[in-house]
Number of protein chains: 4
Amino acid sequence: MSNIHGIIGYTITPFSANGEGLDLPALGQSIDRLIASGVHAIAPLGSTGEGAYLSDSEWDQVAEFSIKHVAKRVPTIVSVSDLTTAKAVRRARFAEAHGADVVMVLPASYWKLTEAEILSHYRAIGESIGVPIMLYNNPATSGTDMSVDLILRIVNAVENVTMVKESTGDIQRMHKLQLLGEGQVPFYNGCNPLALEAFAAGAKGWCTAAPNLIPQLNLDLYEAAMAGDLDRARDLFYRQLPLLDFILRGGLPATIKAGLRQTGLEVGDPRLPVFALSAAGQTQLQTILKTLR
Amino acid sequence: MSNIHGIIGYTITPFSANGEGLDLPALGQSIDRLIASGVHAIAPLGSTGEGAYLSDSEWDQVAEFSIKHVAKRVPTIVSVSDLTTAKAVRRARFAEAHGADVVMVLPASYWKLTEAEILSHYRAIGESIGVPIMLYNNPATSGTDMSVDLILRIVNAVENVTMVKESTGDIQRMHKLQLLGEGQVPFYNGCNPLALEAFAAGAKGWCTAAPNLIPQLNLDLYEAAMAGDLDRARDLFYRQLPLLDFILRGGLPATIKAGLRQTGLEVGDPRLPVFALSAAGQTQLQTILKTLR
Amino acid sequence: MSNIHGIIGYTITPFSANGEGLDLPALGQSIDRLIASGVHAIAPLGSTGEGAYLSDSEWDQVAEFSIKHVAKRVPTIVSVSDLTTAKAVRRARFAEAHGADVVMVLPASYWKLTEAEILSHYRAIGESIGVPIMLYNNPATSGTDMSVDLILRIVNAVENVTMVKESTGDIQRMHKLQLLGEGQVPFYNGCNPLALEAFAAGAKGWCTAAPNLIPQLNLDLYEAAMAGDLDRARDLFYRQLPLLDFILRGGLPATIKAGLRQTGLEVGDPRLPVFALSAAGQTQLQTILKTLR
Amino acid sequence: MSNIHGIIGYTITPFSANGEGLDLPALGQSIDRLIASGVHAIAPLGSTGEGAYLSDSEWDQVAEFSIKHVAKRVPTIVSVSDLTTAKAVRRARFAEAHGADVVMVLPASYWKLTEAEILSHYRAIGESIGVPIMLYNNPATSGTDMSVDLILRIVNAVENVTMVKESTGDIQRMHKLQLLGEGQVPFYNGCNPLALEAFAAGAKGWCTAAPNLIPQLNLDLYEAAMAGDLDRARDLFYRQLPLLDFILRGGLPATIKAGLRQTGLEVGDPRLPVFALSAAGQTQLQTILKTLR
């Protein structure tokens, strides 16, 4: 079983100036920065990585490049979600074939899915690959909210679904995962402003794009929580909370890309219809970042 | 300006036995049935048509084939929604180039869009084509709920956004469209079990997949409403309501495809993860349909 | 069985200048106005009547006075809702003893009630009186939303629960009442801006405070709907909709009391913490009313 | 300024066998138990105390008796919420006159209140008494959700509103109170299954009925949190969480009263329509309690 833990850094997907092409060298630099800063794992093609906005061929290029560039320095977790089961299976196999350590699956949907359909989707993906799957629950982007009961049913039914990323922001979901899963189902927090409480509740890791901008604060919070030092964890959390709130409110691709640009790494803008961060937002971000350094 | 009105029939997209390929001849037959039954317009590639589950090349084939097959017997309204503005523009141009009379646009999203982003998305599409656009609001599938204020702002700002399809099921939205739009913005109902009240409130048409199964009842309801005959409209509505509820609850692709199969037209199953209608559901559907014929 | 139908006029509860005492003569005048205008029934002590804000002794005075003053010119429907079953039973008996034709019961709650608790509450009240009960569903004020299934279970279990007032504003509830109740459970609309569609769907009456201000328009809408004249009903509805929206948005006690004052009947202000209508609101109301007369 | 902190124990209101009368001696015993167990404050007439279900005279008796019986051994916090401002003012004055250290105010409502109405309600109560007010936000029972912005506006505008009890269960509210209140507005947690995370986020106390049943576990959790010992706090929290979930799900009056009966203190049942705990629930409660002792 994989030992995914700690700060799991999500990468953006850099685009060339006109937003049309990929900028893989910039992606390499952003990965190197994250690893140098000390993150415990790298996760390409997630929400932050605009995975949903890429063509299939672009998706393949980013997946292959990212895995190769990480080069096992830390584990790579590749988001392989897609609207049809067939396409998600294809992506999962592609990721495994190119060396992904873990794949992450959100039950993306257009039509609302029944619980049986969701379970069947995970089973089909699970049976098509050998690497572990991190189940990802995020109704705000997927439109599908999986109850803890359903999640545990999937974990029990599909052998390689071994981890759960919870992004509802509802701490009671983590309590239930802990109690009903009898402490045997590692869960990871995907809601930035819940970082302190998720660790308090026993989360094994924090899936976040924040280390693109403030890696040391993220890592320090994790270390304080692991050391059981509540006062230090609380102080560290409240220090970084304004930034965590800002990137959530402003949208991860827009704010993280703007922040990287401010620190000298040009990664282009998000793809339309998602706007780049406004001038006012850029100023606000600069002010917040200045306080934190 | 286009004069879209009445019963706007949504087509399914038939797949071959294993679910992999398209079955265009069956699509042609389903279109012919709809037109023969008397629908006032044909709308391919909507939610019912599993547009979101097709590859780009499949989408192009279905759009081109549908438009050609309708062959101007009635207007064709093609759904061109896509996650990025660039891709939606491409589809809109493709549809126009192949003869679509109207394109329909849902602000599909992964990241929640701001009102400015939504407006800009419609403007970009509007400026790239000459045919009218039917704006489509359906938060249940798009994740984005457009307020009536925003909708009217878009209608005012983008010249060829001239029609509104409302699928929230909240009749007050139609009241606001009528009052704030001063009766100048034609609206269409996309929520099947609201058909009676939408016509009562002044809807100009009903966007529905139901005429694949019960065209005469749909058309009769429309005629009674246009004739101002409330008692007859109510009777007709309550007669067909069990079927309307059933197809909404069971999912349009699954229920309509099952219903077509029961009437002798094989159109395959929905694409996974969406399940085909269960055996129990098929029996229930048969029972409901028997009562209505 | 009672034959409650048509426009059911809700009365305000007039207070003396400082808001402390009751002004029963003004209440008598407001009742006379409503009856003279042609309403089909009178309903004191509802939401509009600030029943929840009265002491027990005030409640008794208003109930007794209202029933006597109506004096069987039309049926009187008294709201007897209270937080405990014992108090609601007391009020129901009091109302019956003083001549109420019907009592209305909202399952008011502080703690969320289970379905068994709600059913038991209605049963206890039903068994303590002989007159019919109008079950009232309004989650916005009661905090408890009764599903149609639960409502029909109560109707079946408690002999004198024979009518349903639905105020969720969700027309599908009425469809379900009609279909599942097999047309045998008369339902009444309590959501003003749904008046047109509720009649379209088969509502037997409209529970509303609007006839304090625009009785003729309310009555005309009812007559047009009963005559099956959809075009006339629609025209009448859209004419009065701005007023219906206004009183809903501004709160019934504040807006109706302000409107009565504008037409020469002083009935005081709502009880704090509910504010009287602001000066701006009064001007807006005057403008709307002027258009309608 | 008062120094309210730690475990704030909420009392039930014991009723005599038939549910009609008060049982003040049993109330005295339950208070003595709580104080003997070490709670830091006593709070009568809250949600647990069925304050909303008492007559005015009963409310007065319980308030007076509780304050006298606590006799300043610990601070007494009396809930004085009522539907009208006048009645809430009367209760606040009554509580102060009889020696309450703090009064707690929930903006109970029938009609939805505007922000101006809520502020005015708190101002009127604040100006009528000299003791501090704990503002209480609990939309699940009051129907009114006060945003953090509104809460801070009230704290700034009304001098003796100096504490905030937050019961939404949304930890982000506490983060905002901490950040926007610049650490100067003490907040208290009123959502039992959020106890661990509320302390992690900096809550100064925990308002809870749980110490009626498991005081030592509640106190130990508080001590561990104050000592900054996250691992111990987490262990203690997960031990007591099944009980905390149970009393929330089953309703506080029903579950706490059943639990007190199981430990030899007869306090009667809740008032109808609220049911006493079912036989199955009693068995479940006994099992949970056995594990914890």
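1. Let's start with what helix α6 of chain C packs against. Its buried residues (buried means under 20% relative accessible area, exposed over 50%, partly exposed in between, with a 1.4 Å probe and protein chains only) are in contact with α4 (115-128), β5 (133-137), β6 (161-166) and α7 (171-180) of chain C. Contact here means heavy atoms within 4.5 Å. Helix α6(C) spans residues 148-157, and its buried residues are C:V148, C:L150, C:I151, C:L152, C:I154 and C:V155. Helices (H or I, at least four residues) and strands (E, at least two) are DSSP runs, numbered from the N terminus.

2. A word on what you are looking at: this is a predicted model, in which local features need pLDDT of at least 70, side-chain atom pairs count only at pLDDT 80 or more, and totals for chains, interfaces and linings use all residues. Residues are numbered from 1 along each chain as its sequence is written, chains are lettered from A and ligands numbered from 1 in the order in which they are written, and side-chain values use heavy atoms, leaving out hydrogens and water.

3. Now follow β6(C), one of the neighbours of that helix. Strand β6(C) is largely enclosed by the rest of the structure, because 6 of its 6 residues are buried. On one pairing, β5(C) and β6(C) run in the parallel sense over 5 bridges; two strands pair if DSSP finds at least two bridges between them. Look for C:M134, whose bridge partner in β6(C) is C:M163.

4. Strand β6(C) also pairs in the parallel sense with β7(C), residues 187-189, over 3 bridges. There, C:V164 stands opposite C:F187. Together, β6(C), α7(C) and β7(C) form a right-handed β-α-β unit. Right-handed means that, with the strands pointing away from the viewer, the path from the first strand over the helix to the second runs clockwise.

5. Strand β1(B), residues 6-10, is mostly covered, with 5 of its 5 residues buried. It runs parallel to β8(B), residues 205-208, through 4 bridges, and B:G6 stands opposite B:G205. Strand β1(B) also runs parallel to β2(B), residues 41-43, through 3 bridges, where B:G9 has B:I42 as its bridge partner. With helix α1(B), residues 24-37, the strands β1(B) and β2(B) make a right-handed β-α-β unit.

6. How many residues of chain D are in contact with chain C? There are 29, and they meet 29 residues of chain C. The two chains bury about 2,700 Å² between them, 65% of it on carbon and sulfur atoms. Buried area is the accessible area (1.4 Å probe) that two parts lose on being put together, summed over both.

7. A:A200, A:L230 and A:Y238 supply 28% of the area that chain A buries against chain D, more than any other three residues.

8. Finally, which chains do not touch? Chains A and C do not, as their nearest C-alpha atoms are 20 Å apart. Chains B and D do not touch either, and their nearest C-alpha atoms are 20 Å apart.
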